[in-house]
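Here is a short report for a first look at a protein model. Have the sequence and the 3D view at hand as you read.

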Amino acid sequence: MKSILLSLAAVLSLAPGLVWANADRAVDLVAHPVGYIAIAIFVVAYLLVMMEERIHLAKSKPMLIAAGLIWILVAVAYRAAGANGEVEEAIRHNFLEYAELFFFLLVAMTYINAMLERGVFDQLRIWLLGKGFGYRRLFWITGTLAFCISPVADNLTTALIMCAVVMAVGRDSAKFVSLSCINIVVGANAGGAFSPFGDITTLMVWQKGILPFQDFFQLLLPSMVNFLVPAALMHLALPKGQPSSPGSFGNVIRPGGLVICGLFLLTIATAISFHQFLHIPPVFGMMTGLGYLKIFGFYLKRHEEYHWNEGFESPPGDRSDEGTQGRRAFDVFSHIARSEWDTLFFFYGVIMAVGGLGFIGYLGMMSATLYGDLGPTFANIMIGVISALVDNIPVMFAVLTMNPAMPDYQWLLVTLTAGVGGSLLSIGSAAGVALMGQARGQYTFLSHLKWTPAIALGYGASIWVHYLVNG
């Protein structure tokens with residue numbers, strides 16, 4: 001618990017003031033009880049978030065309350081001083097920051113849910129199961145797929161899919177499952193670090209306009225090193241042999257599954273083009289891409305309803321259990337409804353709460369020391385270490401709102417460290433936390449901690465390679 005509190009204190013010291021905090025504030029809350037109470041609220045809320053698996057309280061709930069209370073305290077203090085305009089302007093600015101992130105992620109989640117419902121990822125899993133690969137080969141295949149899929153899909157979904165494969169083929173070898181889960185977490189986080197679509201932190205940096213889209217791919221080689229170094233070390237500890245074959249499987253992709261994959265890639269291309277060539281926020285490209293899915297969904301729904309009304313059998317792989325006669329045609333809105341709403345509201349709470357602390361200005365005192373006196377390199381490396389204990393979203397949002405004067409290679413460094421630093425511990429990333437639940441008893445905090453030195457070696461090596469290539 002002491003280490004958690006120290007890490008939280010370090011994160012709070014990084015949290016910067018917004019642009020309004022740099023201006024002459026009508027009310028100075030830095031040494032005011034309101035400032036101290038706001039910090040205490042944030043710390044308590046985040047401790048509840050970190051204990052989500054133990055107390056079974058959804059992480060969005062404490063953060064929503066914390067965000068509201070912090071801004072209420074600020075608004076009351078400013079109203080008592082007769083200054084209301086600054087608070088309203090700051091809240092609107094933070095809310096706009098969140099709105100862009102919200103709609104971007106909502107579209108991406110909708111596409112992922114649609115592909116899951118159409119059996120696209122099930123087909124990948126079944127193909128791997130039917131090939132009869134050995135333990136060591138499966139270790140590298142699942143890790144490499146996690147690294148390659150997460151830049152397009154999110155690292156959490158990628159990790160869950162690969163973990164399902166590992167548990168299906170390695171049920172007779174707990175050691176293989178444990179090592180493979182560690183490898184998947186590291187691979188998914190590393191793969192998400194070099195793409196704006198691979199992790200929330202990279203998406204935030206891109207949407208903020210700090211770095212152009214193509215610059216993120218300069219992190220490809222450092223990200224590969226981050227994945228390959230610990231994977232090579234874990235390879236030596238893998239069991240030899242081959243799992244028993246589960247038999248042959250057929251095609252389970254439902255009609256339209258591959259088309260939806262193509263539309264998702266087209267949506268990503270639209271978002272990139274809008275931002276690069278028209279200087280339009282990428283979220284508008286994503287919303288246009290949602291229109292692609294809606295139009296195709298209309299055709300697909302009519303096609304399936306006609307198919308069933310004419311008395312034909314259900315399409316291959318149809319696993320739905322709702323609707324007329326136990327079947328349900330494709331419905332875009334059902335996929336929107338199945339988005340990770342707890343995660344989306346958690347992001348709202350984090351952005352608004354950290355924004356409120358930044359507006360107070362209390363948290364900017366230490367940030368100047370970290371980036372000014374100690375230098376950006378040390379600060380950016382420490383951000384990755386801190387993200388192993390504390391979610392990287394508030395850490396990266398703090399850095400972005402501070403907007404320190406750094407060259408592009410330093411912005412790439414903090415993007416890399418914030419993305420892959422969470423791999424140091426199983427609780428450091430959403431992928432790790434999810435896999436501890438999915439592979440309960442086989443992939444644990446202690447089993448991951450055993451290989452933290454190897455992962456830390458990859459973390460250091462990736463930073464070194466980044467400086468060699470991009471420094």
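Is cysteine 181 buried or exposed? Cysteine 181 counts as buried, at 0% relative accessibility. Buried means under 20% relative accessible area, exposed over 50%, and partly exposed in between, with a 1.4 Å probe and protein chains only.

This is a predicted model, where local features need pLDDT of at least 70, side-chain atom pairs count only at pLDDT 80 or more, and totals for chains, interfaces and linings use all residues. Residues are numbered from 1 along each chain as its sequence is written, and side-chain values use heavy atoms, leaving out hydrogens and water.

**Cysteines**

A disulfide is a covalent bond between the sulfur atoms of two cysteines. Here the test is a pair of cysteine sulfur atoms within 2.5 Å. A search of the whole structure finds 0 disulfides. Cysteine 163 is in none; the nearest cysteine sulfur, 3.9 Å away, belongs to cysteine 181. Cysteine 163 is buried, with a relative accessible area of 0%.

**The chain as a whole**

The chain has 23 helices and 0 strands. Helices (H or I, at least four residues) and strands (E, at least two) are DSSP runs, numbered from the N terminus. Of the 471 residues, 55% count as buried. The chain exposes about 19600 Å², and carbon and sulfur atoms supply 65% of it. These areas come from the Shrake-Rupley method with a 1.4 Å probe. Contact means heavy atoms within 4.5 Å. Among contacts in the chain with a separation of 6 or more, 82% join residues 24 or more positions apart.

The axes of α18 (residues 376-386) and α23 (residues 452-470) come within 12 Å and cross at roughly 145°. Axes are lines fitted to C-alpha atoms over the stretch in contact, and angles run from 0 to 180 degrees between N-to-C directions. From α18, the contact uses Thr377, Asn380, Ile381, Gly384 and Val385; from α23, it uses Tyr459, Ile463 and Tyr467.

**Two histidines with positive phi**

Most residues other than glycine have a negative phi. Histidine 56 has a positive value, and histidine 279 has a positive phi too. Each histidine is placed in a loop between two helices.
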